[in-house]
Amino acid sequence: MKLPWNWTRPRAPEATVDPAPEDSAPKAAAPASGDPAPEAKEAIPAKETDSSVPSGVAGWIGALQITLGLAGAGFVGQLSVQQFLGVDFSNWSAHDLSLFAGHWAFDTIQILLTQLLDRPLWFGIPILIYLLPPVLALSLPTGHKAVRLATLGSIAATTVGLIFVLVWIEMPTLTMNNWLDKGFQENLQPRVGHILSGRVTQLTVTRMVASMDGVAFYDHLACSAMALDEAPKELQAQLHADKAQKNAGGPVGQAQTTLQADYSIAVIVCLVAWLILCFHPFSDERVLYELLLRATRILVSFLLLPLATAMLPFAYGRLIYSTQLPLVHVIYPAQPGVPPDDKKASAKPALAPARAEGAWMLLLDQNDSELSLVPILKDSVEEKKKEFRVEIRRRSEIAHMEREGSRDILNELFLRCTWLPGMDATKR
Amino acid sequence: MNKSLRTAIFGLSFCAAAGAVAQSGSTVRILAVPEGMQMVSLHKAVKPFLLPYGGRVDSSRKLYARVFRQSLKELTVDIPQHTPKGQCVVYGDNVRLPAYADNSGMLRMDDLVDYFALDEGQEVQQMTLVFEEDDDPRANGALYLDKSAVDKYFANAMQVPVSAPTEMSRQWALNATARQEQQAALTHRGKSRHWSSLLAAFTVSAATLEPAPAAKPVVATAPVPALILRDCQKVRVIQFQPLQDATQNRQPGREQAFEPYAERTSSGCAQ
C-alpha cells in the first residue's frame, strides 16, 4: 500500500475520529466547483450569525488573553524570585508582570538558541529521538498499523519527559527560599528524609556556584584561610575538574551552563508535550488499550503538562533570573551643622557649608513613594553579624541618586566568605 | 687643606643641602586605618572599586594609597630579612593611587582594578594598602625605607584580598591561548625556514635564500651596584592631634577617619 506522505492526515473511509475535516470539506470544495453547493451557501452565513462578537472586539479579546497569559507567567516568575531572595517586591501591576514575562520569554529563547548552537549534538540528537514517535503518529494515515505504536510511544515519551522535568528540575527548586535571609550554611545542610535530597543539594550548590563570581575558581576558593578540603563535599565536586573538562569561564561559567542546560531541557520537553497533546487526535475505539491510553493522556494533559508549564517561569526565577541589582550612589540632603560650642571655635573663620551625606546602595525595588535599598556590606565585625538588611526610604528623603553599574546581590554575600562552615563573622 | 678634602667637604655640604631641600618637600603623612579595617573581606576587581571605612573624611583632603602586591608578612618580614645590613629596604612592585572619599563610608579606588589586571593569571592577589596624605615627589618610583622604619610604616596597613571576576579570567585565558598560538606559529615558521634552507642548498642559489633570522643582540646589563646610593626614608610617629572639621556637619558619633599618625621623611645622604 502506497502511503501519501503529506502533513494533512489522510481520512480513512470509516474514520470517525476527526470532525474538523468534515466541517472544512465543503468550504474547501466550494471554490473548485463552478456552482457552489447549497450546503456551502448556507454554511457561510451560518458562521457569520454564530459569532455575536465583532471582529475588532475579538482582536481585543485575543490581545487581552495574551496579556493575561503573560501576566500569569510574570506573576509566577516574580513570586518565585521574591520567595527565593526572601524580600518583598511592590510592583505587581499587569504592566510590570508582563515586563517580567517578556524578560522570561526573551531569556528562554536566547538560552535555547545558545544551547542548541553550542552543543548541537548533545541537544539535537535527543530532541530528534524524542520527536520521532509524535511525528510518525501525526504523519501516518489513521488506519496504518504503526500509528498505534507511534501514539503509544509519543504518549509514553511525553509522560516520562514531564515526570522527569518535574522531579529532576522543577520540584527541587521549591526548597530554595529566603537565600538572603537564611544564610548559606543552612542551605548546604543535607535534607534528611527528603526523597530528592541528593538532587536538591546538587541543584542548590550549582546555583550557589553560579553566583560565586570572583570567589570560586578551579581547585580553590578565594576566601583566605580556607582550604578546599574543608569545604562541603558538594562544593568540592563543583570546583574540581579535569583539564579536558575545564570551562573558560571557570566553575562559575560551568555552573551557569549546567543550569541553563537543565532549564532548556525543561522548556523543550514542555513544548514537545504541548505539540503532541494538542495536535494528536483522540481515538474512539472501545478497547481497553485505547481507554488506558486515553486515561493516561487525560492525566498528562490536565495535570502534568499544566503543572510543568506553570513551573517553568518558577524554575526560571530561581535558576536563571539574574540577581543583579543597580548600584546607586544615594545623596541625602545636608543636615544642619553643629554650632561651635567654645569661643576658640567661634573665633575661627567661617566654616564651609554643610556637606551632604552619601551612601552606596543596591536598589532592590522602587515605587512612586518609596525605595527599597540594600547598603553595600561593610567589613566591620558588627556589620558582618548582620547578614542582610533592607532600608526603605521615602523619595523625599533623597536629594540625588546616581547609578553606577550593577552588582549581584548574592555575589556580594558570597564575597564575604561568612557562608562557609567555620568561617563566622568574627574569625577573619 | 688639600684639594681632595675640600672636594669631600663640598660634596657632603651639597648632599646635605640637597637632602634638606628634598626632605622639606617630601614629607608625606601616613594615615591610620579606621579600627577593625586592617583586614577586610574579599573584594572583586570591578569598578567602582569601593573600600569601606568607618567615620567620615572631609572632601578637601587628598588621600592616596600605596598599593603593594604582597602580603603584610612578606612586606614586613621576608623582604627586610633579605636586605643586607646597612641598605635600604626596597619595595619596587608598588604604586601610589588616589583614593576618593565622598562621605559615603566608602573609598573609591578604581585605579586599583587596572593595577590588579596587570598581573595576568593571578586570580587572587593579596594587596596591602598604606594610606598617605600630601603629594609625594617620588610617587611613581620604588619605595626605599630604612630598616627601622618598616614596622612603623606598615603598622596601619590595610590588607585587601582581591579576586578576578570571571570575565577577566576568561580574557586572561584567551590572551594566554593567543600567545601560545603565536609562539607555536613562530616555532613552526622557524622550523620551516630550517628545512627550506636545507633544501635550498641543493636547489637554488644562496642569493635567493631568505636571510636567516638574526640572532638576538646581547644586551649588556649594567653591573648592579653593591651599595644602593639612595636616601632611605624614615618614619616618625607623630603626636595624635584630632583633625579640624572643615565642614559644619560635624556629628558626635562620626569622627574623622584616616587621622595622620606618622610622617615619612627622607634622611638625607646617610647611605
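This is a predicted model: local features need pLDDT of at least 70, side-chain atom pairs count only at pLDDT 80 or more; totals for chains, interfaces and linings use all residues.
Reader: Why is A:Asp219 called exposed?
Author: A:Asp219 has 11 C-beta neighbours inside 10 Å, so it counts as exposed. The residue lies in the loop between strand S1 (216–217) and strand S2 (220–221) of chain A, and has a positive phi of about 65° although it is not a glycine.

Reader: Is A:Asn178 buried, exposed or partly exposed, and why?
Author: A:Asn178 is partly exposed, because it has 15 C-beta neighbours inside 10 Å. Its place is the loop between helix H6 (145–170) and helix H7 (179–182) of chain A. A:Asn178 also has a positive phi, about 50°, without being a glycine. Most residues other than glycine have a negative phi, and most peptide bonds are trans.

Reader: Which peptide bond is called cis?
Author: The bond from B:Lys47 to B:Pro48 is cis, with omega near -5°. B:Pro48 sits in the loop between strand S2 (43–44) and strand S3 (50–52) of chain B.

Reader: What makes a set of residues a nonpolar core, and how many residues has the largest one?
Author: The members must be buried Ala, Val, Leu, Ile, Met, Phe, Trp, Tyr or Cys residues joined through C-beta atoms within 7 Å. The largest such core has 119 residues, and those with the most contacts inside it are A:Val215, A:Ala266, A:Ala315 and B:Leu129. Helix H11 (residues 250–279) of chain A gives the most to this core, with 12 residues.

Reader: Which residues does A:Ala315 touch?
Author: Leaving out residues up to four places away in sequence, A:Ala315 touches A:Ile169, A:Glu170, A:Thr173, A:Tyr263 and A:Ala266; contact means C-beta atoms, placed from the backbone, within 7 Å.

Reader: How many helices and strands has chain A, and what makes a run of residues count as one?
Author: Chain A has 15 helices and seven strands, each a DSSP run numbered from the N terminus, with at least four residues of H or I for a helix and at least two of E for a strand. Chain B has five helices and 12 strands.

Reader: What span is expected of helix H4 of chain A, and what does it reach?
Author: The expected span is 1.5 Å times one less than the number of residues. Helix H4 (residues 94–118) of chain A has 25 residues and reaches 35 Å from its first C-alpha to its last, close to the 36 Å expected. Its buried residues include A:Leu97, A:Phe100 and A:Trp104.

Reader: How do you know that strands S3 and S4 of chain A pair?
Author: Pairing needs at least two DSSP bridges, and S3 (residues 324–331) and S4 (residues 358–366) of chain A have five, in the antiparallel sense, so they pair. A:Val328 has A:Met361 in S4(A) as its bridge partner. S4(A) also pairs with strand S5 (residues 370–375) of chain A, antiparallel over five bridges, and a hairpin of three residues joins S4(A) to S5(A). There, A:Leu362 stands opposite A:Val374 in S5(A).

Methods. Residues are numbered from 1 along each chain as its sequence is written. Chains are lettered from A and ligands numbered from 1 in the order in which they are written. A residue is buried if 20 or more other C-beta atoms lie within 10 Å of its own, exposed if 12 or fewer, and partly exposed in between; C-beta atoms are placed from the backbone. Two residues are in contact if their C-beta atoms, placed from the backbone, lie within 7 Å.
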